[in-house]
Amino acid sequence: MIDAARQRAKEMQLRLSAEIQALRQKPASAGDDGMRTRELRLLSELRNLASRVETDLRPSDTTRQKLRKLQLRVIDEARFLRNWAGNPLKTGAVAPSSQELSRLMAHHVEADRPGVIVELGPGTGAVTQALLERGVPAERLVLIEYSPDFCELLRQRFPGATVVNGNAYALSETMATLGNPPIASVVSGLPLFTRPLPERQALLSDAMRLMAPGAPFIQFSYALVPAVKDLVGITWSTSRWVIGNLPPARVWLYRSAAERSSVAA
């Protein structure tokens with residue numbers, strides 16, 4: 001069994017080495033240098049872990065777990081790239097949110113409030129996983145995702161959550177079909193800046209109307225300015241930059257004026 005595992009690890013090293021070489025030789029198209037660099041780094045990390053598995057007679061559970069996590073990252077990033085290339089205005093990022101950004105967003109969810117946690121545009125579930133790790137039960141999660149492929153993946157990964165294949169900007173209609181449960185927090189990975197300002201304002205107004213006064217609408221963004229502003233009765237604040245994310249991002253927190261707290265985490 002050990003010999004067979006070693007052989008599989010060796011074969012993986014060879015295959016990854018060939019993929020790295022092919023990627024390096026492939027002509028670069030305009031604007032994809034960052035994505036190519038990231039893919040090369042991930043493939044190299046995966047190859048190095050495969051090498052450690054091959055040289056270790058009995059690979060530790062930790063090594064196997066790291067290898068599995070890296071494999072999932074590579075697969076998820078490939079999914080994101082395919083969805084982004086197919087419809088860049090619907091897919092909010094070219095890669096899943098980093099662990100640091102996902103945990104920062106999950107940190108600001110107010111799980112002590114009664115009601116469900118609504119996630120808009122969960123993608124492959126990076127923030128969803130962070131919510132579970134924080135202790136939010138899957139049964140409290142409502143995941144609204146536009147991509148059917150991502151919906152299928154989310155149902156497999158988070159069988160206890162409610163996954164809705166639909167338009168996150170039609171929040172009122174979607175929640176009505178679910179019986180209008182109370183909402184404790186909204187977490188958004190939507191590419192807000194791809195929509196006209198009136199649509200962004202309508203989404204935020206809908207969310208505030210559906211949530212209890214002061215409940216947070218948590219949005220990540222790569223931008224220097226808020227995606228939604230100048231709405232009467234709604235305040236906003238922002239977090240530090242998460243430099244390790246691709247691209248660097250930060251968290252914006254919107255609340256009705258009834259309550260306000262800082263997100264300077």
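How many of the residues in strand S7 (residues 250–256) are buried? The count is 7 of 7, so to speak of S7 is to speak of a mostly covered strand. Buried means under 20% relative accessible area, exposed over 50%, partly exposed in between, with a 1.4 Å probe and protein chains only.

Ground rules next. This is a predicted model, where local features need pLDDT of at least 70, side-chain atom pairs count only at pLDDT 80 or more, and totals for chains, interfaces and linings use all residues. Residues are numbered from 1 along each chain as its sequence is written, and side-chain values use heavy atoms, with hydrogens and water left out.

Now the whole chain. It has 8 helices and 7 strands. Those are DSSP runs, numbered from the N terminus: helices are H or I with at least four residues, strands are E with at least two. Of the 265 residues, 46% are buried. Take the contacts with a separation of 6 or more: 66% of them join residues 24 or more positions apart. Contact means heavy atoms within 4.5 Å.

Back to S7. In a regular strand, side chains alternate between the two faces of the sheet. Here both faces are covered. Arg250, Trp252, Tyr254 and Ser256 are buried on one side. Val251, Leu253 and Arg255 are buried on the other.

Which strands pair with S7? Strand S5 (residues 217–221) does, antiparallel, over 5 bridges. Strand S6 (residues 234–238) is also antiparallel to S7, again with 5 bridges. Pairing requires at least two DSSP bridges between the strands. Gln219 has Trp252 of S7 as its bridge partner. Ser237 stands opposite Leu253 in S7.

Buried or exposed? Ser185 is buried, at a relative accessible area of 0%. Leaving out residues up to four places away in sequence, Ser185 touches Val109, Glu110, Val116, Ile117, Val118, Met211 and Pro216. The Ser185 side chain also reaches the backbone nitrogen of Glu110, at 3.0 Å.

Last, helix H6 (residues 148–157). Phe150, Cys151, Leu153 and Leu154 are buried there. They sit on the same side of H6, because they cover an arc of only 165° around the axis. That arc is taken from the directions from the helix axis to the C-beta atoms. An α-helix has 3.6 residues a turn, so residues three or four places apart point the same way. What does the face turned away from the buried side carry? Pro148, Asp149 and Gln156, which are exposed.

Notes. A polar contact is a pair of N or O atoms within 3.5 Å; within protein, one must be able to donate a hydrogen and the other to accept it, and residues adjacent in sequence count only if both atoms are side-chain atoms.
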